[in-house]
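A short report follows it.

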Amino acid sequence: MTFIKKSLTTAVALAATAAMATTAQAEISDGEVRIGYLADMSGTYRDLAGPGGLEALRMAVEDFGGDVNGAPIQVFSADDRNSADVGASTVREWIDTRNVDMVAGLVASSVTIAVTRVLEEHDSFGIVSASAASSITNEHCTPNHIHWVYDTYPLANGTARAIVEEEGGDTWFMLTADYAFGHALEGDVTRVVEEAGGEVVGRVRHPFPTDDFSSYILQAQGSGAQIIGLANAGADTVNSIMTAAQFGVTEAGQQLAGLLVFLNDVYAMGLEDTQGLLLTTGWYWNMDDESREWAERYYERTNRMPTMVQAGIYSSTMHYLQAVEATGSDDPATVREYMMDQEINDFFARNGRLREDGRMIHDMYLAQVKSPEASEHDWDLYEILATIPAEEAYRPLSESQCKLVQN
Amino acid sequence: MTMIFGVPLAVFMGQLLLGLINGAFYALLSLGLAVIFGLLKIVNFAHGAMYMLGAFATLLGMRYLGINYWAALLLAPLFVGLFGMLIERFLLRRIAHLDHLYGLLLTFGIALILEGTLVNFFGVSGARYPTPEALQGGYQTGFMFLPKYRAFVLVAAIVVCLFTWYMIERTRLGAYLRAGTENPALMQAFGVNVPLLITLTYGFGVALAAFAGVLAAPLYPVSPTMGSNLLIVVFAVVVIGGMGSILGAVITGLTMGLIEGLTKVYYPEAANTVIFLVMILVLLIRPAGLFGKEA
Amino acid sequence: MSVTQTQTLTPSMKRQRRADMRRNAFYLALIAIGLVAPFVAYPVFLMKVLCFALFACAFNLLLGYAGLLSFGHAAFLATGGYITGYLLASYPGLTPELGIIAGTLVAVALGAVFGALSIRRQGIYFAMVTLALAQLVYFIYVQSPFTGGEDGLHGVPRGELFGFISLRSNLAMYYFVFAIFLFGFALIQRAVHSPYGQVLKAIRENEPRAVSLGYNVDAYKWVAFVLSAGLAGLAGSTKTVVFQLASLTDAHWHMSGEVILMTLLGGVGTLFGPVVGAGIVVSLQHVLAQSPLGNWVGPILGVIFVICVLSFRSGIVGEILKSYNKNFK
């Protein structure tokens, strides 16, 4: 019922604003802040953002009070089904027919890159929270989107550097998903490992997706490397970790380094197989009181602990709404400029700052998966080992190929 | 150390063994498809979903009913088999008189429903099923560390395949089945209850898939989508083998596992593709598949 | 003259003439609806419907008129899309129509190869062989650098038609897509009603008889396959220009399943069935994706599939034609 009512009011509001001709009204266009949430709601990436991310977004809107300077906040959502053309055409339609002010979510890199092009073409605004590709604020950067939670650069940088420098893991074997994302991650790791004085002694590129990893794990065992780096994602990572456990990789003295591992992956696999896994994360729900307080509120609504992406969606939406409130405008350039001027510090981001390439840099954390004995309850999964300062974690602007950066 | 094409003999042997284990899965799955195809002439597109259901029944049985692995090995295929029989009785039978392509389309729809529904309840991350205690750990063979469970999978799959072959080739029920494949009308005239035979066959075919699912549960993450990619590979195996022969399905399954295993060593990027390449080659030389009869 | 001619017409010829006139009027009305549609509905959505309608029509040519169920048509859709997208994105001077022609031609070539490999197989074998071949194509597109793999191929310019009509506006783009659709549809319509189409139908109904009458059955089927592949490629090429990107979704075997659903729902072997089916499926996905039922698109499509197969096999247009023929003839 509420849904029907909501869409009715939207429809009425749309009709009204269309009649008014949107020109020089108050600075918030159409007298409403309209947020569209686009994510994979049913496929591979459902659990790391998906419906839970939409709930986080709704939480932010409620906590903000439901309106900005009297202009009500409208939230609508769509499933992109991990398809770039579905995503791009949905956003195009949101812009053309609903005059959307901000697009949130954005998961699969293919969808994100397609959507950001539409956003730029129509001068709208997007906040990318779930995509991994660092190219989103590098060669694919636009003035119309920002990238909030993480990307592949700090994942490789954080995990690989910490392992070589602090754990003494000098020799690496890379297990790489054979597509653009995997290659990029492998390249980043190789560079970091070599800079830190280590060596990549072997690698195997497996097709995406792969059902059985035993052959590749056997090759990794045969290489004699100390560390097996997993440059893959989602089901492939879960699968390789489980297979490694079956083949007694850790007992034999090798260690796994997960380069893109989410809380939901570890939760799904359980601690038996994942214990000791090193990974880099942008946020962890149990890292301090402030995070815990928010996470527990989230848990009450969804019955799951939030991933870093879901927390990031809340955080970024809050900052966006604050910027709209402060500037009294939902114009992309104005909002972005305001956000760039602010220090970003909340339960999610520490020492955060929005750079001119659209990258929000903030402290990242090196974490290790707990052993079953050390874990106190179902969601007690990570131990934070170290903080990677924001300025060191992300790709420096001096290396940027972004058109917005003067080099 | 002896080298085979630049790979140490030990590694080579290990990879062959792993390939054979994967081949055992292909064999089980394509065997079920072949049995169903033989009598119903339907390509069972829901086969991957049934495999997934087998794994899920195992997982949920443990979680909510406390059924252990060994019981699940029997109960999950039974449960999925019964479910399959319901599908045959109430859905497939209604279109049995039509072009068999409709059967393919119907089972495709069923697969969509099953997978999509489970995604909404269990997400896609996949859950872990513990390896049964008796099969934890592994053997340190001369050339590799072989987890006990994988060795068990290989043996169990081959035993079930042989059992199926024996059932079909050497028992009265199997004789009915083969006769029903050749001429159902005549069988009916001899007083054999052909519709019941068909229901049982479909149930048995999907039970084989579910059995593979149970075997897979401790190996791979149990997720609603685990069957959909595998299905396509198994289809290729079936095309290569030719759909007529039971033995053909088993032999081709194991062989394709081996070929894929070797590809993972020499050219891992092509591991998913090699089966389709073999398929095209086979089709060029023998359009009905290796063991198939020319129509 | 005309008076005497009318007098010589038999009643059945008159009926035929009246039927022709009615059909022409019907076509004209539909074209008129197509022309005003973008002022009523959202043009990008309409373009998507038209692209998928063309894709489904191409598929239907094979299933409905040659009796061949291909489970690999996604390969042609994707090939058209990737080739066109790659060419237009890499060579800025190229006009969209040339890009589309190139994409279509490559799809035709691919269709010729696939057809040669699969056409001798029948029924289920044919479906499986086409499926497996399409999987091979899928893997190639995942691997090839030019497709952008998982990220997809982005930034395809809509460009200027014939070098001087800008397609940036949705309206201009719509009419271009509409023209392409009409071309494809007319081609299928002509093919189906030509002597060639009659032979094709004869083969579908009774292949051994067609062989005994001396027809080269394989050649007829192969031509249908290539034509169908080319039109599917045309749909993919056009879609790429509309959305300015090409992605792996179009190559995935789920897409091959979706086009079967569209055709089945609308009516196999009817000219308009695939158009109606594509319209319904695309609208359904569109509406569901933005509703609270968004997570249930897959199961809902599955249920429609099952219902169609069980009790609705002639599809929407098929059922309408049936009841029309029963009540008005």
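## A buried helix in chain C

In this predicted model, helix α3 of chain C is mostly covered, with 24 of its 24 residues counted as buried. The helix runs over residues 43-66 of chain C, and from its first C-alpha to its last it reaches 33 Å, which is close to the 34 Å expected at 1.5 Å a residue.

After the helix comes Gly67(C), a residue whose phi is positive, near 70 degrees.

## Overall build of chain A

Chain A contains 14 helices and 15 strands. Its radius of gyration is 21 Å, close to the 22 Å that the globule rule gives for 407 residues, so chain A is as compact as a globular protein of that length. Along the principal axes, the C-alpha trace of chain A spans about 70 × 50 × 35 Å.

Of the 407 residues in chain A, 61% are buried. When the contacts in chain A with a separation of 6 or more are considered, 71% of them are accounted for by residues 24 or more positions apart.

## Two domains within chain A

The domain assignment divides chain A into domain 1, made up of 30-150 + 288-358, and domain 2, made up of 153-281 + 365-389. The C-alpha centres of these two domains of chain A lie 28 Å apart.

Between them, 13 residues of domain 1 of chain A are in contact with 14 residues of domain 2 of chain A. On the side of domain 1 that touches domain 2, the residues divide into seven nonpolar, five polar and one charged.

## Where chain A meets chain C

Which chain is in contact with 23 residues of chain C? It is chain A, which brings 25 residues to these contacts. On the side of chain A that touches chain C, at least two residues each are supplied by β3 (71-79), α3 (84-98), α4 (109-121) and α6 (180-195) of chain A.

The largest share of that side, eight residues, comes from α3(A). By residue class, the side of chain A that touches chain C divides into 13 nonpolar, six polar and six charged residues.

Conventions:
Residues are numbered from 1 along each chain as its sequence is written. Chains are lettered from A and ligands numbered from 1 in the order in which they are written. This is a predicted model: local features need pLDDT of at least 70, side-chain atom pairs count only at pLDDT 80 or more; totals for chains, interfaces and linings use all residues. Helices (H or I, at least four residues) and strands (E, at least two) are DSSP runs, numbered from the N terminus. The expected span of a helix is 1.5 Å times one less than its number of residues. A residue is buried if 20 or more other C-beta atoms lie within 10 Å of its own, exposed if 12 or fewer, and partly exposed in between; C-beta atoms are placed from the backbone. Domain bounds come from an automatic or database domain assignment. Two residues are in contact if their C-beta atoms, placed from the backbone, lie within 7 Å. Ala, Val, Leu, Ile, Met, Phe, Trp, Tyr, Cys and Pro count as nonpolar, Asp, Glu, Lys and Arg as charged, and the others, Gly among them, as polar. The radius of gyration is taken over C-alpha atoms; the globule rule is 2.2 Å times the number of residues to the power 0.38.
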